[in-house]
Amino acid sequence: MNNPQQLRYSKEHEWLSAAENGVSTVGITEHAANALGDVVFVQLPEVGATVAAGETCGELESTKSVSDLYSPVSGEVTEVNEDVVDDPSLVNSAPFEGGWLFKVRVAEEPGDLLSAAEYTEFSGS
Amino acid sequence: MSSTEPTELRHTALDALHRSLGATMTDFAGWDMPLRYGSERDEHLAVRTKAGLFDLSHMGEITVTGAQAAALLNFALVGNIASVGVGRARYTMICRADGGILDDLIVYRLAETEYMVVANASNAQVVLDALTERAAGFDAEVRDDRDAYALIAVQGPESPGILKSLTDADLDGLKYYAGLPGTVAGVPALIARTGYTGEDGFELFVKPEHAVELWQALTKAGEGAGLAPCGLSCRDTLRLEAGMPLYGHELSTALTPFDAGLGRVVKFEKEGDFVGREALTEAAAEAEQNPPRILVGLIAEGRRVPRAGYAVVAGGEVIGEVTSGAPSPTLGKPIAMAYVDAAHAAPGTEGVGVDIRGSHEPYEVVALPFYKRRK
């Protein structure tokens, strides 16, 4: 699988973009999207909400199950992807692009985020 | 539940083929089965609008033969199996003496003195053991044929056309819940017009060594018709939309057929005693006078999906429990089957919701099924 080089990854299968003006984009990986199957509903944190690294901040429903969404970093949510709320299948079709979930002004990041190569090894794909 | 599950997963004759198709596999009752090949939603819609191809080789086949085969099955099962004509099939159940459901079954009468009982994979051993025990004193043999068959299903409106191109068997004369021996793509098969999807379709019982050849022939024949390989994930949403029960969800040993709203499968009028008769007679009366919880359909007003085990609520009280739930590809909304108290079971009952992880989401009570195909 193709985990983009420029992103970093959490062990909960979220990805995090490099910060631009202190703001990073968060989504779930293709590996996670494939494991979930067709995503039919996403509940995202609200703009302005504070999220904490490794804590749940939303949920993803697929045909077979519901999964918690974890934030890979701590900070304030600045934007959520309304397109993915309207059309959750974007998580499956474009997990690293149009299926992004929210943007966060990073206050603190944990020390254990993975590189693309490390995540590929961790997830086995 | 079961402590008899093998630690090593079993593989069907089509295992390598599923992997070459990129299937996501899952442990289902000890079998490594395809969950989906791509999008389960697309697979679901293929079955509703065109056709889908399923490997169901995990299902448990048990053959019952002998001069008293019919008498044995009439004693062991709740249905009137002796009245099933040769070449026909019957949906039925096997119950305990206390009326609890051990499994739901399809029984095919292959010949005057030969039946094939098809059990759920998770219950096949239980059914085999019960039939074997109940056969004592009957001139009949119960044979474990689980390894003798692979089972491939073709389901969906295009399935008759696809199958016709591969067989000389009289498919037009083959009614729903009928089965006849024939040849499909040069392979000997029991061709049954049965399924678990709510669509027209066929189930083909063949020798495992013929499974790959048959699957490939069906795939080729279905190319122009939109036939898609389909996994167990869409099989579950298809049967849920069709209001069909699944053992372990809507059916269990804690419930009688009457509790499950399927009392019609119990044939008290048949000759002779049968296992569970006494308890089921009481259960039938109870269901009429003082109905226990009733199995209903629920349709979400929102988008959060109810799952098995979630509480059904009304006025802050728990009034039932979800047994199966999923996003319905056909309705475009989450749906569920649930047992609810009789007072809240009427279609259109106001104020019913499902407790979805602490939040009471509004749901509409409807009669089952959610989906009925146009004939």
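**View 1. The pairing of strands S19 and S20 of chain B.** B:Asp355 has B:His360 as its bridge partner in S20(B). Strand S19 (residues 352-356) and strand S20 (residues 359-366) of chain B pair in the antiparallel sense over four bridges; two strands pair if DSSP finds at least two bridges between them. Helices (H or I, at least four residues) and strands (E, at least two) are DSSP runs, numbered from the N terminus. This is a predicted model, in which local features need pLDDT of at least 70, side-chain atom pairs count only at pLDDT 80 or more, and totals for chains, interfaces and linings use all residues. Residues are numbered from 1 along each chain as its sequence is written, while chains are lettered from A and ligands numbered from 1 in the order in which they are written.

**View 2. The barrel of chain B.** Six strands of chain B close into a barrel, in the order S15-S18-S17-S16-S19-S20, with antiparallel pairing. On average, neighbouring strands of this sheet are turned by 45 degrees against each other, direction ignored. Axes are lines fitted to C-alpha atoms, for helices over the stretch in contact, and angles run from 0 to 180 degrees between N-to-C directions.

**View 3. Helix H7 of chain B.** H7(B) lies across S17 and S18 of chain B and runs at about 125 degrees to S17(B). Nine of the 10 residues of this helix (residues 232-241) are buried, so H7(B) is largely enclosed by the rest of the structure. A residue is buried if 20 or more other C-beta atoms lie within 10 Å of its own, exposed if 12 or fewer, and partly exposed in between; C-beta atoms are placed from the backbone. Among the buried residues are B:Cys234, B:Arg235, B:Asp236 and B:Glu241. Their cover includes strand S2 (24-28), helix H2 (40-49) and strand S18 (333-340) of chain B. After H7(B) comes B:Gly243, with a positive phi near 70 degrees.

**View 4. The hairpin of strands S6 and S7 of chain B.** S6(B) and strand S7 (residues 101-111) pair in the antiparallel sense over seven bridges. B:Ile94 stands opposite B:Asp103 in S7(B). Five residues lie between the strands of this hairpin, where B:Gly99 takes a positive phi near 90 degrees. Six of the seven residues of S6(B) (residues 89-95) are buried, so this strand is largely enclosed by the rest of the structure.

**View 5. The surroundings of B:Leu72.** B:Leu72 is found in helix H3 (residues 69-76) of chain B. This leucine counts as buried because 26 C-beta neighbours are inside 10 Å. Leaving aside neighbours within four places in sequence, B:Leu72 is in contact with B:Val64, B:Arg134, B:Ala135, B:Phe138 and B:Ala140; two residues are in contact if their C-beta atoms, placed from the backbone, lie within 7 Å. B:Asp139 is 67 residues from B:Leu72 along the chain, and their C-alpha atoms are separated by 8.3 Å.

**View 6. Chain A.** Chain A has four helices and nine strands. From the N terminus on, its elements run β-β-β-α-β-β-β-β-β-α-α-β-α. The C-alpha atoms fill a box of roughly 35 × 30 × 20 Å, taken along the principal axes. Of the 125 residues of chain A, 44% count as buried.
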